[in-house]
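Student: Please take me through one part of this predicted model in close detail. I would like the local picture, then the surroundings.

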Amino acid sequence: MLTDILGGRIRYSEEEKVNFGAYFVMSNYHFAKKLVTRRTWINPFSVTFHNNDKEWFNTISLHSVMRLPQLVKFYIALYFFIRHYSRYKIRCQTMPQRQAMAADPYIDKLFHQRAADFIREKGFEKAAHDYVSKFSYACTGVDMNNITALDMMNCCMGLGVPIHRFSFDRQAIESKLGYRARQESVEKIQRFNNGYLLETASGAQYSADNVVLATPAFVTKKLLNLDIPLRQTCQLYVYHVEAVLKEKYADRQMNVFSFESEIVFTAIMDDGSYLIYARDQNEKLLDKVCSHYKILGKVGWDKAMYVYGDAYMEQDFEDGLYIAGDHNGLGLEPTALSGVYAANRIIKKYQR
């Protein structure tokens, strides 16, 4: 394994004990959970949904009772989605994602459909405005007109299955990999005899019969000199703060906001500190939710997640070269699954 950051875009800080990438894992992350340590449960009833500075409501409130008929429609759609998505994940272990989607017209439709159109089709627009869209925005930084229905429903499974904070044990992974892990940044890949030659930023060269390229899509495109469209990215800025939140934000584990807000969400950590995600790197945005604060750490993601549009990147680039990552599906679980698929392709190659 050649990598400049073990754990990739989880970006776990061992010093601060927080992730500057993904915040939670779901209980049905059967593949990603093998790489992380699940920690404390996030209480779904301890979330406040903010329409604006003057209107907000908790998970269980008079407002949610008013939205109950549409919330029922959402949860029916979610139940139906989870059934299809579970079968899709099984197929993704041995099929390219494009083929796995094509095997289920429902999943294939959602990959190409805007979330806003799916919501309208299923008839839960008001519930989506007040609840679903805010949770999706907290996970992606994208509005319902620009995210696909597949990605929206994928992240919104967190409204129906248990979710937990997690950590990434870099030392344990390094111990498992041993000498097979090198801290390197690959800058060039070329065909060499029946395999590949990789050149790194340090000037080192490595040869391999098989290569799994698990890099961000724009890096993959550059390394392979591809002339293909990519799904576009959102920008996110993550602040780890020691803070006292303003009264209306203070008594909840999470606060989630509408897309009009540059603050995406706030989340309390096990030690009482907070993670605050924003679309802008202006630190003064923290004044909107904090009475006072001290920044403990921050990470800016100019290309946080590939969530705009339905462009697709093939996983089998050529014999012995496989593409893994979140290019075609949002989140830790699809990313882990793409790695499982690449591994199974290599295993099958040597079982012939």
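Tutor: Start with Gly7. Gly7 sits in the loop that runs between strand S1 (2-3) and strand S2 (12-13). Is Gly7 buried, exposed or partly exposed? Its relative accessible area is 26%, so Gly7 counts as partly exposed. The cut-offs are under 20% for buried and over 50% for exposed. Along the chain, Gly7 and Arg170 are 163 residues apart. In space, their C-alpha atoms are 7.3 Å apart.

Now the second largest pocket. Its volume is about 450 Å³. How many residues line the second largest pocket? The lining has 25 residues. Pro44, Phe45, Thr59, Tyr75 and Leu159 are the ones that lie nearest the centre. Several elements each supply at least two residues of this lining: strand S6 (47-50), helix H1 (62-66), helix H2 (68-92) and helix H6 (125-140). H2 gives the largest share, four residues. By residue class, the lining holds 19 nonpolar and six polar residues. No charged residue is part of the lining.

Helix H1, one of those contributors, also holds Met66. Met66 has 55% relative accessibility, so Met66 counts as exposed. The cut-off for exposed is over 50%.

Methods
Residues numbered from 1 in each chain as written. Predicted model: local features only at pLDDT ≥ 70, side-chain atom pairs only at ≥ 80, totals over all residues. Heavy atoms only, no water. Buried < 20%, exposed > 50% of the residue type's maximum accessible area, 1.4 Å probe, protein only. 1 Å grid on protein atoms, 1.4 Å probe; cavity = no way out; pocket = protein on both sides within 12 Å on 5 of 7 lines; lining within 4 Å. Points joined across faces, edges and corners; volume = space filled by probe spheres on them. Nonpolar A, V, L, I, M, F, W, Y, C, P; charged D, E, K, R; others polar.
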